[in-house]
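Student: Can we go through the salt bridges in this one? Keep it quick.

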Amino acid sequence: MSKSSITTLLSSIRLTPHLPPHSWYIVSSVTLSVLNRPDEIPHIFQYALEKDGGSTQKQLDIARRMREALVKSAAIAGLPKSINALYALKRATPHALLDPLGYSPTGRSVELYDVPSSKIMQRGQAFFDQIYGKVSKRVMGQMDQSGTEDLGITARLMYGYILSNTNVLSPVESSFVLLAGLIPQDVKGASEGSP
C-alpha cells in the first residue's frame, strides 16, 4: 500500500462518526495487523501522532493504546501477527514514548501474581457476557463441548487476563478491537456469537 493510499484510508477511518473518540488508530492497526501488514503500523502511528498527538502525554497515550490493541488482538488473530505488529510499532516509537522495562499501564503482571485468579476469571466472564449478550451461555457451552474442554478454558483465560483488562482501553474500545480482528478474517460464526 502506498503512503498516500494509507493516508487516504486513515483519514477516512478517522472521520467515521460512530467510532469511539480516538479509536480509529486502534481499529486501523488491528485490522492491518490481522491482514499481516505490520509494515503499515508505523504509518498509522505517525499519522495518529500528527492528527491526535499534541502533548507528550497524548502521544504516550496513543502509543500505549496501540500497543494494548495489538496485544488484545493476539486473542483473535494469533500471537505471531501481534508480535510482528508490536515490533514494527516499537521500531517507529521514540524512546520517550516506550514504557520502561518492568512497567505496564495495564497492570497485568500485578493481576497475574497478586490478584486471585477467580477474581480475574469472574471479570472475564462478565466481559464475555457483555460481548455476547443473551447468547453468551450458549456460545461458551458450545466451546466447552467442542471435543475438548480446553477451548472453553482458553476462551476464559483470554477474556479474563487479556480482553477484559480495561486499564488502557475501555470495554467499548476492546469490543472494536475484537471486531477489527474478526471481520478481515471472515469468521462469521465467532463475530455473530455462534461458533
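Tutor: Start with Lys-72 and Glu-68, whose side chains meet in a salt bridge at 3.9 Å, N to O. The term means a side-chain nitrogen of Lys or Arg within 4 Å of a carboxyl oxygen of Asp or Glu. This is a predicted model, where local features need pLDDT of at least 70, side-chain atom pairs count only at pLDDT 80 or more, and totals for chains, interfaces and linings use all residues. Numbering runs from 1 along each chain as its sequence is written, and side-chain values use heavy atoms, without hydrogens and water.

Student: Where do Lys-72 and Glu-68 lie?

Tutor: Both are in helix H4 (residues 56-77), four residues apart, about one turn of the helix. Helices here are DSSP runs of H or I, at least four residues, numbered from the N terminus.

Student: Why does Lys-72 count as buried?

Tutor: Because its relative accessibility is 0%. Buried means under 20% relative accessible area, exposed over 50%, partly exposed in between, with a 1.4 Å probe and protein chains only. Glu-68 is buried too, at 3%.

Student: What about Arg-108 and Glu-68?

Tutor: Their side chains also form a salt bridge, 2.5 Å from N to O. That pair links distant parts of the chain: Arg-108 sits in helix H6 (residues 108-114), Glu-68 in helix H4, 40 residues apart. Arg-108 is buried, as is Glu-68.

Student: Which residue does Arg-123 pair with?

Tutor: Glu-111, with the closest N and O atoms 2.6 Å apart. Arg-123 is in helix H7 (residues 117-132) and Glu-111 in helix H6, so the pair ties together parts 12 residues apart in sequence.

Student: How many salt bridges does the structure hold?

Tutor: Nine.

Technical notes
Helices (H or I, at least four residues) and strands (E, at least two) are DSSP runs, numbered from the N terminus.
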